[in-house]
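I wrote them as I went, one topic at a time.

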Amino acid sequence: MNKPVIEVRNLSKTFVLHQQGGVRIEALSGIGFSVDRGECVALHGPSGAGKSTLLRTLYGNYLPTGGSVIVRCGGEETDITAADPRTVIRLRQSCISYVSQFLRVIPRVSALDLVTDPLIEAGEGEEAARSRAEELLARLNLPERLWHIAPATFSGGEQQRVNIARGFIRPSPILLLDEPTASLDGANRQVVIDLIREAREAGAAIVGIFHDDVAREAVADRTIPVQRP
Ligand SMILES: Nc1ncnc2c1ncn2[C@@H]1O[C@H](COP(=O)(O)OP(=O)(O)O)[C@@H](O)[C@H]1O
Ligand SMILES: [Mg+2]
């Protein structure tokens, strides 16, 4: 029996707002679960419960106050909460894709280049990477006239589809999704559901936050309740 791809152990996170008199905000406490290869787990709970904080901690963005996140990938086992920055960057390039809630727009970088980048970073040739990016943007119904424009002026849903294409362009053993369908219409939501299912069938371990029940029920094997500590 293979060990889980992700193992979250007794995770806690308290934010300390140093600029605001040292106010402490307890965001996570005693979180533990694991995710196997080819499994999709949904984090579910009210707004402010700590779901995005948990996902960012899995991505190595936030250091937890306690606990660990074991990631198994490429024959290596790493506690991403204790890894040095180089290791975190390497893990992100080879193992972990993260679709944030909002696209981080980079001035003057076109939608197509934003989507192509992660695949080129992973060592794919430019032409093959570009045609894969075009394929994904077409599948997500992003009008071709927008492909060569920087997404700063795009609508929320258009930006989110660029973000999703960027997150799905290379096969990743670990996929972290923060409300990927939130600003999409029904047709595009279905495209994202299909992409998630395909990634799961290809063996990805997926942790997702889904604000709509339809998407959650369509993709999640299990739901983990997240509550304010
Ligand atoms: N960078 C941060 N600094 C301080 N507090 C934060 C930060 N990120 C999130 N929080 C707080 O942690 C709590 C959980 O937030 P979040 O993880 O975004 O919840 P959810 O995604 O479940 O809606 C909230 O009270 C939020 O204000
Ligand atoms: Mg959130």
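Before looking at how helices pack, I wrote down what an axis is: a line fitted to C-alpha atoms, taken for helices over the stretch in contact, with angles running from 0 to 180 degrees between N-to-C directions. I also noted that this is a predicted model.

**Entry 1: helix 3 against helix 4**

With that in hand, I looked up helix 3 and helix 4, and I found that they pack at an angle of about 125°, with their axes 9 Å apart. I then listed who makes the contact: A111, L112, V115, T116, L119 and I120 come from helix 3, while E126, A129, R130, R132, A133, L136 and L137 come from helix 4. Sorted by class, the contact of helix 3 with helix 4 has nine nonpolar, one polar and three charged residues.

**Entry 2: helix 3 against helix 5**

Next I turned to helix 3 (residues 111–121) and helix 5 (residues 156–168), whose axes come within 7 Å and cross at roughly 25°. Helix 3 and helix 5 are therefore roughly parallel to each other, and their crossing is right-handed. On the side of helix 3 I noted A111, L114, V115 and P118, which meet V162, A165 and R166 in helix 5. By class, the contact of helix 3 with helix 5 has six nonpolar residues, no polar ones and one charged residue.

**Entry 3: the buried residues of helix 3**

Which residues of helix 3 are buried? I found A111, L112, L114, V115, T116, P118 and L119, and the buried residues of helix 3 pack against helix 4 (126–139) and helix 5. After helix 3 comes G123, whose phi is positive, near 105°.

I then looked at two loop residues. L142 lies in the loop between helix 4 and helix 5, and it counts as buried because it has 25 C-beta neighbours inside 10 Å. Leaving out residues up to four places away in sequence, L142 touches A111, L137, W147, E158, R161 and V162. I also checked the C-alpha atoms of L142 and V191, which are 49 residues apart along the chain and separated by 12 Å.

P107 has its place in the loop between strand 6 (96–99) and helix 3. Is P107 buried or exposed? P107 is exposed, because it has 6 other C-beta atoms within 10 Å. When residues up to four places away in sequence are not counted, P107 touches A150 and A152. The C-alpha atoms of P107 and A152 are separated by 7.2 Å, although these residues are 45 residues apart along the chain.

**Entry 4: positive phi outside glycine**

N10 is not a glycine, yet it has a positive phi of about 45°. I located N10 in strand 1 (residues 6–17), and I recorded it as exposed, because 12 other C-beta atoms lie within 10 Å. For E179, also a residue other than glycine, phi is near 50°, a positive value. E179 lies in the loop between strand 7 (174–178) and helix 6 (186–201), and E179 counts as buried because it has 20 C-beta neighbours inside 10 Å.

**Entry 5: the shell around ligand 1**

Which residues are around ligand 1? My list reads F15, I25, A27, G45, S47, G48, A49, G50, K51, S52 and T53. The elements that give two or more residues to this shell are strand 2 (23–35) and helix 1 (51–58), and the largest share, three residues, comes from helix 1. By class, I divided the residues of the shell around ligand 1 into four nonpolar, six polar and one charged.

**Entry 6: E217**

Last, I looked up E217, which lies in helix 7 (residues 213–219). E217 counts as exposed, because it has 12 C-beta neighbours inside 10 Å. From E217 to A122 I noted 95 residues in sequence and 32 Å in space, C-alpha to C-alpha.

How values were computed. Residues numbered from 1 in each chain as written. Chains lettered and ligands numbered in written order. Predicted model: local features only at pLDDT ≥ 70, side-chain atom pairs only at ≥ 80, totals over all residues. Helix = DSSP H or I, 4+ residues; strand = E, 2+ residues; numbered from the N terminus. Parallel < 35°, antiparallel > 145°, perpendicular 65-115°, else oblique. Left-handed = near helix turned anticlockwise from the far one by under 90°. Contact = placed C-beta atoms within 7 Å. Nonpolar A, V, L, I, M, F, W, Y, C, P; charged D, E, K, R; others polar. Near = placed C-beta within 6 Å.
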